[in-house]
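Dear colleague,

Please find below the structure that I am handing over to you. My notes on it follow, and I would be grateful if you read them with the model open.

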Amino acid sequence: MDKKKKVGLEILRRIAGTLFIPATIYIVLLIITQSKGQTYFTDPNTWRNIILNTGATATIAFALATQIKNGRFDFSGGAIMTLGALVSIYAADHLMHNGIFYLVISVAVCTVLSLIVALIYVYGRIPIVICTVGAAIFFESLTLIFNGGHGATISSDPVLNFLGKKIGPLLVLMLISALIYLIFTTYTTPGRRAQLLANNQEA
């Protein structure tokens, strides 16, 4: 068997392993609810929610995997996403009430916040755990006072919340994230080193 076939089979094996537990749980719940006369798990809206949640989770997983493979974990990620969303919603409400603009601002703000953490880590020579936990606490404190403590939401705004309602755009973003992850781990020097470390943590 040539190398390409082995890689393809390994990818399929990992996908099957990843889907096994959630698929099993879904089947068990489906059987139980069907026996009780409930059709919730066969409803199209339920499938839409499952696909949307899976797409969002997969997108986040691609980002986290680039760190975990290096033997590190960024504890500030959640706080960065929360603060980035608040700033982006505020900007979209006051500058341009448009979903694409909101998405671009979100990416830009989160990138800047991530760069701040990276610069503190690199130039401060602080252990990654202490650096990211400290950044998480700082960013979380800002979310509590941002916009006078009133926060922001887009759950009832179909213009800004287009990714939470439509499958197509979210799947496109997930595919873009997968492509970036593939390029990083396959064609860049840091990505190759991370892959070697993931394959042999004691190397």
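**Findings on the helices and the surface**

In helix H4, the buried residues are Gly99, Tyr102, Ile105, Ser106, Val109, Cys110, Leu113 and Val117. Please note that the model is a predicted one. The cover over these buried residues of H4 includes helix H3 (77-94) and helix H5 (128-145). H4 itself runs over residues 99-124, which makes 26 residues. From its first C-alpha to its last, H4 reaches 37 Å, close to the 38 Å expected at 1.5 Å a residue. Just after H4, Arg125 has a positive phi of about 50°.

Helix H6 (residues 167-187) may be checked in a similar way. Which residues of H6 are buried? They are Leu170, Ser177, Tyr181 and Thr185. These four lie on the same side of H6, because they cover an arc of only 60° around the axis. Leu175, Ile180 and Tyr187, on the other side of H6, are exposed.

Phe20, Ile21, Ile25, Val28, Leu29 and Ile32 make a nonpolar surface patch of about 560 Å². One of these residues, Leu29, belongs to helix H1 (residues 3-35). Leu29 counts as partly exposed because its relative accessibility is 35%, and that class lies between buried, under 20%, and exposed, over 50%.

With kind regards

Methods. Residues numbered from 1 in each chain as written. Predicted model: local features only at pLDDT ≥ 70, side-chain atom pairs only at ≥ 80, totals over all residues. Heavy atoms only, no water. Buried < 20%, exposed > 50% of the residue type's maximum accessible area, 1.4 Å probe, protein only. Helix = DSSP H or I, 4+ residues; strand = E, 2+ residues; numbered from the N terminus. Arc of directions from axis to C-beta. Patch = residues over 30% accessible without salt bridge, like charges linked within 9 Å, V, L, I, M, F, W, Y side chains within 5 Å. Areas by Shrake-Rupley, 256 points an atom, 1.4 Å probe, with all protein chains shown as cover. Salt bridge = Lys/Arg side-chain N within 4 Å of Asp/Glu carboxyl O. Expected span 1.5 Å × (residues − 1). Contact = heavy atoms within 4.5 Å.
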